[in-house]
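These are my notebook entries on a two-chain model. I set down what I looked up, entry by entry.

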Amino acid sequence: MTISLTVNGTEHAVDLPGEVPLLWALRDELNLTGTKYGCGVAACGACTVQIDGQPVRSCQVALADVWGPVTTIEGLGTPDAMAVIQQAWVDHQVAQCGYCQSGQIMQAAALLAETPEPTDDEIDAAMQGNLCRCGTYPRIRAAIHDAARAMKV
Amino acid sequence: MSRIGKIARRTFLVGSAAIAGGVAFGVYYANKGMTNPLQHAKGETTLNPYVLIDAQGVTLIAPRAEMGQGTRTTLAALVAEELDVAWEDIRVIHGPPGQAYYNHAMFGGILPVAEYKKGPVAEHLGQMAGYLGKALQTQITGGSSSMADAFEKMRHAGATARETLKLAAAKRFDLNASDLRTENGTVIAPDGRSLTYVELAPAAAEIAPPDVDLRPATEWKYLGKSMPRVDMVEKSTGTATFGIDVRPEGLVYAALRINPHFGGGMTGFDDTEARKMPGVQKIIHFGTGIAVVASNTWLAMKAAEAVEIDWETSPHPATQEAIFASIRTALDGAPNSTLRDDGDAGTVPEGASLVEAEYSLPYLAHAAMEPMNATALYTGDELILWSGNQAPILHRKHCAEAVGLAPEAVTVHTTYMGGGFGRRGEYDYSVYAARVAKEMKGTPVQLTWSREEDMTHDFYRPGGLGRFRGAVKDGKAVLLDGRIAAQSCLRQAGARMMGFESGGPDKALVEGAFDQPYRIPNHRITGHIAELTLPVGFWRSVGASLTAFMYDSFIDEMAHAAGADPLDFRYQMMKDEHAPSAACLAAVREMSGWTGKTPEGIGRGVGFCHSFGTPVAQVIEVEQTAGGIRISKAWIACDPGIVLDPSIVEAQMIGGMIYGLSAAAFGEITFTNGAADQQNFPDYDAIRMHTAPKTEVRVLTANPRLSGVGEPGTPPAMPALGNALFDLTGQRARALPLNKSFDLIV
């Protein structure tokens with residue numbers, strides 16, 4: 001079955017059963033490996049992407065159900081042209097192992113789009129689905145506040 | 001004894017070798033007969049290359065793997081400090097498996113001596129033990145030892161490279177090398193003429209490297225400063241390549257299902273339905289389980305689930321009760337070790353009040369964010385392996401055996417690791433990938449474990465029991481007698497990794513307890529090995545992850561029994577025994593504004609552990625809210641001797657603490673019929689954004705020796721949280737995880 005999918009502004013035809021989660025189309029078909037597999041049950045947030053600007057766990061969205069254009073970490077910015085939030089991540093030296101950070105950044109970007117100046121409580125509420133076993137939470141929080149300030153200017 | 005003092009402190013020399021279009025600099029050990037892991041470096045069979053300069057520029061070969069701890073960055077800074085290259089111009093790659101990259105410092109830590117007591121003799125013995133690391137072929141990233149190992153070697157490599165390049169330039173300019181200076185990868189003459197390192201590299205290969213003194217710390221430009229991590233942009237843009245991200249041409253994907261009942265095989269299976277499923281290419285059986293190869297990882301996982309398998313039962317005890325009964329039998333029995341035995345620990349001193357407590361800790365999974373995976377291509381006479389791992393030589397050896405090739409026929413590419421925490425020193429996941437690849441000759445295969453496979457096939461932090469007896473008098477501890485029982489990671493992993501079981505006292509079982517810097521007149525710690533064979537392994541901070549909760553919680557109990565302030569109680573017993581440790585306690589006292597008193601609804605606890613050479617004190621604050629108890633604040637003080645990168649040290653301290661808090665609050669693996677009951681993060685949760693405390697870190701530098709930071713932040717977090725909960729509720733925390741007895745916010 002061929003399913004058409006728009007990812008980071010590019011249209012793709014993916015030859016996979018419709019029940020396959022978006023995550024595995026991104027990683028194994030489109031080679032967009034920035035989006036990570038962590039748990040497969042929406043409990044860790046490593047696979048977070050945006051569909052129509054909404055943060056979703058791509059391990060839980062069947063290909064046939066993808067309802068809009070998909071943005072992954074690769075579509076947010078590149079090493080030579082980072083998004084404001086990615087620059088904030090670099091400025092605060094957030095990542096340790098880095099495996100969860102694509103998901104953290106996609107979740108944080110969606111938070112800032114909705115809530116340009118989030119409070120600590122709003123950050124807690126938005127980010128608690130994203131697990132980080134290295135414990136980078138304090139720097140994630142600082143980077144989100146910093147990105148909010150930078151985006152305001 | 002007198003001979004020991006005469007042995008040179010430096011046990012290595014710096015050499016060079018010509019490579020295509022350039023030069024390699026590295027360390028070699030005289031008369032050690034090691035082979036050169038860089039095949040194209042000719043002429044020097046014992047060279048251990050750290051720095052390559054060729055047409056591509058300056059490349060650093062990092063002998064240690066990056067699992068998040070920042071090691072690549074600081075290794076680069078050590079070389080750059082002496083070499084005078086711009087930060088952004090250094091490329092860092094991970095070294096191929098090579099015996100010459102063995103970890104000297106980690107094996108130096110195996111002696112049964114408390115780290116804080118190491119004097120010159122113990123240090124020499126430690127160096128001798130370090131050579132065991134070479135004999136055992138261990139290029140291991142672990143034991144918080146990377147920086148201690150690299151501190152001199154990497155700087156010497158950089159300094160020697162610089163001076164050799166200057167000699168090459170001196171010939172070209174017809175000047176003395178001492179007239180030249182170096183800057184940003186260039187040698188510059190007084191008249192302004194300059195040559196780049198790249199231009200000079202081929203000529204430098206012809207020059208014998210001089211012996212060079214290192215720059216004093218006062219002249220450091222990079223070291224001691226927070227450098228931008230070399231992996232940060234990649235990891236913020238989704239472009240870093242982890243093991244799970246390698247995509248060789250023609251890659252197919254595989255999933256694994258192994259008997260969850262440890263020690264059990266497979267009596268039969270039916271893959272009729274699975275074979276018909278979309279994308280499925282091959283189903284392979286191992287005797288203990290199956291792997292499915294498909295066009296997509298998810299299709300492979302679905303088909304693996306669809307295979308009907310008859311599992312054998314497990315030889316392990318059927319219940320948690322039986323497992324812990326076995327640990328209790330060990331606790332009651334004769335000790336394997338008595339590594340501390342001061343005074344008379346068998347007698348309660350006259351007039352002292354007795355304190356007794358028992359502690360129980362569960363088995364724990366590593367639960368790295370990136371599930372176990374590896375990618376392999378088998379061609380018939382060669383195996384290429386891509387694997388995020390902490391021990392490439394071991395992975396190569398065991399993969400070679402699994403597919404019937406010589407180790408030299410196996411190429412290991414060590415990728416970034418999405419967390420290691422000790423799990424990726426094991427080689428099982430690489431071996432499974434190699435075995436699948438052998439069945440798919442000519443086609444690269446990526447084998448990814450589901451989270452469930454990962455969590456149920458770990459080498460767990462062993463569960464353990466502790467029985468402590470102490471006595472206090474006049475506000476001080478006069479007796480501390482602790483018994484600690486658990487499975488021995490060292491014995492089991494030693495047998496698995498090296499092929500032999502180490503005998504004698506198991507230091508790793510009691511580290512974090514026997515080696516604490518307290519002056520207590522009657523003081524004994526015994527270790528008791530439980531004769532269970534559940535798979536156990538090294539988990540961030542190893543023995544201290546188990547023992548620090550027992551030992552430090554008990555110190556806290558004694559403080560309260562003595563009517564003393566728990567922080568001051570520790571401080572008074574420590575200040576004359578080990579001043580740098582006491583200074584950490586004093587620092588958290590000041591940082592937290594510790595008064596020993598807390599208002600209603602707030603609790604504070606202090607925790608301390610000296611591990612891997614680094615003392616760490618923590619104060620944790622908990623708060624009773626309407627929704628439950630919140631871990632609201634934390635203060636950390638540590639002393640790793642020399643701070644090579646403050647930002648990385650801070651990150652490791654906070655991360656280590658959070659890893660410990662996750663275990664203390666929520667972490668537990670239980671076994672039923674020899675299979676782990678917990679499958680995924682909903683069963684095995686961790687600290688998250690809303691449950692992480694606001695944390696402040698202070699790094700002290702009074703310790704005389706450079707020591708590690710990756711692990712020491714973990715152990716004290718567990719007792720500090722338990723002690724804080726006691727302060728809040730009056731209820732003693734003697735069993736982990738704490739969410740079973742306290743209403744913690746999840």
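**Entry 1: chain B as a whole.** I take a contact to mean heavy atoms within 4.5 Å. On that basis I looked up the contacts in chain B with a separation of 6 or more, and residues 24 or more positions apart account for 77% of them. I note that the model is predicted. For chain B I found 19 helices and 28 strands. Of its 746 residues, 64% count as buried.

**Entry 2: the interface with chain A.**

I then turned to the polar part of the interface. Between chain B and chain A I noted 28 residue pairs in polar contact, both residues being at pLDDT 80 or more.

I looked up a salt bridge between side chains of the two chains, in which B:Asp245 meets A:Lys36 at 2.4 Å, N to O.

**Entry 3: B:Asp231.** I located B:Asp231 in the loop between helix H5 (197–204) and H6 of chain B. Is B:Asp231 buried or exposed? B:Asp231 has a relative accessible area of 0%, so I record this residue as buried. I looked up the polar partners of its side chain. The side chain of B:Asp231 makes a polar contact with the side chain of B:Lys235 at 2.8 Å, and also with the side chain of B:Arg229 at 2.9 Å. Setting aside residues up to four places away in sequence, B:Asp231 touches B:Glu66, B:Thr73 and B:Tyr416, and from the other chain A:Gln96.

**Entry 4: B:Thr71.** I found B:Thr71 in helix H1 (residues 71–83) of chain B. With a relative accessible area of 2%, B:Thr71 is buried, because the cut-off for buried is under 20%. Leaving aside neighbours within four places in sequence, I list B:Arg64, B:Ala65, B:Glu66, B:Ser146 and B:Met147 as the residues in contact with B:Thr71.

**Entry 5: helix H19 of chain B.** H19(B) covers residues 717–729, 13 residues in total, and reaches 18 Å from its first C-alpha to its last, close to the 18 Å expected at 1.5 Å a residue. Why do I describe H19(B) as largely enclosed by the rest of the structure? Eleven of its 13 residues are buried, so the description holds. Among the buried residues I note B:Met718, B:Pro719, B:Leu721, B:Leu725, B:Phe726 and B:Leu728. I next looked up what covers the buried residues of H19(B). The cover includes helices H15 (544–561), H16 (566–574) and H18 of chain B, together with strands S23 (602–611), S24 (614–625) and S25 (628–638). Just after H19(B), I recorded a positive phi of about 80 degrees at B:Gly730.

Terms used:
Residues numbered from 1 in each chain as written. Chains lettered and ligands numbered in written order. Predicted model: local features only at pLDDT ≥ 70, side-chain atom pairs only at ≥ 80, totals over all residues. Heavy atoms only, no water. Salt bridge = Lys/Arg side-chain N within 4 Å of Asp/Glu carboxyl O. Polar contact = N/O pair within 3.5 Å; in protein donor to acceptor, adjacent residues only side chain to side chain. Helix = DSSP H or I, 4+ residues; strand = E, 2+ residues; numbered from the N terminus. Expected span 1.5 Å × (residues − 1). Buried < 20%, exposed > 50% of the residue type's maximum accessible area, 1.4 Å probe, protein only.
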